[in-house]
Amino acid sequence: MVLLIDIGNTNVAIGGCEGERLCFTGSCASDLKKTEDEYALTVKGILELNGFTASQVEGGIISSVVPHLRTVLYQAMKLLTGHSFLLVGSGIKTGLNIHMDNPAQLGSDLVVNAVAANAKYPKPLVFFYMGTATTLSVLDKHGTYLGGMIIPGLRISTDALSAQAAQLPVIPLAMPQRMIGRNTVECMQAGAVYGWASMLDGLVDRVEEELGEPVTAIATGGLLQVVLPACRRHIIPDPHLRLNGLLILYQKNQGRRR
């Protein structure tokens, strides 16, 4: 089994693959206070919860946007499995042609998503990641990574509104009963869901205008299911896009270790 680990600002996503088949997925909190031993025990528990053991893990790969946890999880997996996992970063083969001013600045999370999207979907394409931040990335018809956007995330934006406006409560992110809200919570939910959906629709339209041709639109990340039902554009949900990208990178880079 190959273990796929994606460390985000809020959660650590974990997947196990045998061949091309994703056997299980799980997650835990991204906790800077946890030690290598604690993460090793956490991942061991997730494996056992899904009917697997650490001895079945033959290797793995880690992507991280949290530098400290990158090292902690690497050491934790070496402790748990006895294997040195691949790390997404400089020196890893991606197959991507990145047209950024400084390609090295492109986050590992965006690289992994781009690798998966490039392999799975017709191009040109635009993909959104909806997590702590909302990001937009664009690949042209040749699969070249052109660039994108970084936008404050839906949860961050809603929580900031509640924190800065004395009479506005913290709300659950959910589809409201109607678009035109009739109470404070409904109004805030409608603004969050329909406002974000309109943004995604509009951004896809503008990317198509700039490229001069239609695009395939994809969305991934923990908050995509909240917003996608309200979108008017056809945006394909792919909750496992990043895990698929990690598997592709693992297969491209077998034999390389830190």
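Six strands make an open sheet here, in the order E6-E9-E8-E7-E10-E11, and the pairing is mixed. Two strands pair if DSSP finds at least two bridges between them.

A word on the source: this is a predicted model, where local features need pLDDT of at least 70, side-chain atom pairs count only at pLDDT 80 or more, and totals for chains, interfaces and linings use all residues. Residues are numbered from 1 along each chain as its sequence is written, and side-chain values use heavy atoms, with hydrogens and water left out.

Phe127 takes us to the core. It is among the residues with the most contacts inside the largest nonpolar core, which has 29 residues. Such a core is a set of buried Ala, Val, Leu, Ile, Met, Phe, Trp, Tyr and Cys residues joined through side-chain atoms within 4.5 Å. Buried means under 20% relative accessible area, with a 1.4 Å probe and protein chains only. Strand E1 (2-7), helix H3 (108-120), strand E7 (125-130) and helix H7 (241-252) each supply at least two core residues. H3 gives the most, seven.

Now the pockets. On a 1 Å grid over the protein atoms alone, a pocket is an open set of points where a 1.4 Å probe fits, with protein on both sides within 12 Å along at least five of seven lines; lining residues have an atom within 4 Å of a point. Volume is the space filled by probe spheres set on the points, which are joined across faces, edges and corners.

How big is the largest pocket? Its volume is about 810 Å³. It has 37 lining residues, and Tyr129, Gly131, Gly221, Gly222 and Arg242 are the closest to its centre. E2 brings the largest share of that lining, four residues.

The second largest pocket holds about 260 Å³. Of its 13 lining residues, those closest to the centre are Gly89, Ser90, Ala104, Leu106 and Val111.

Conventions
Buried means under 20% relative accessible area, exposed over 50%, partly exposed in between (1.4 Å probe, protein chains only).
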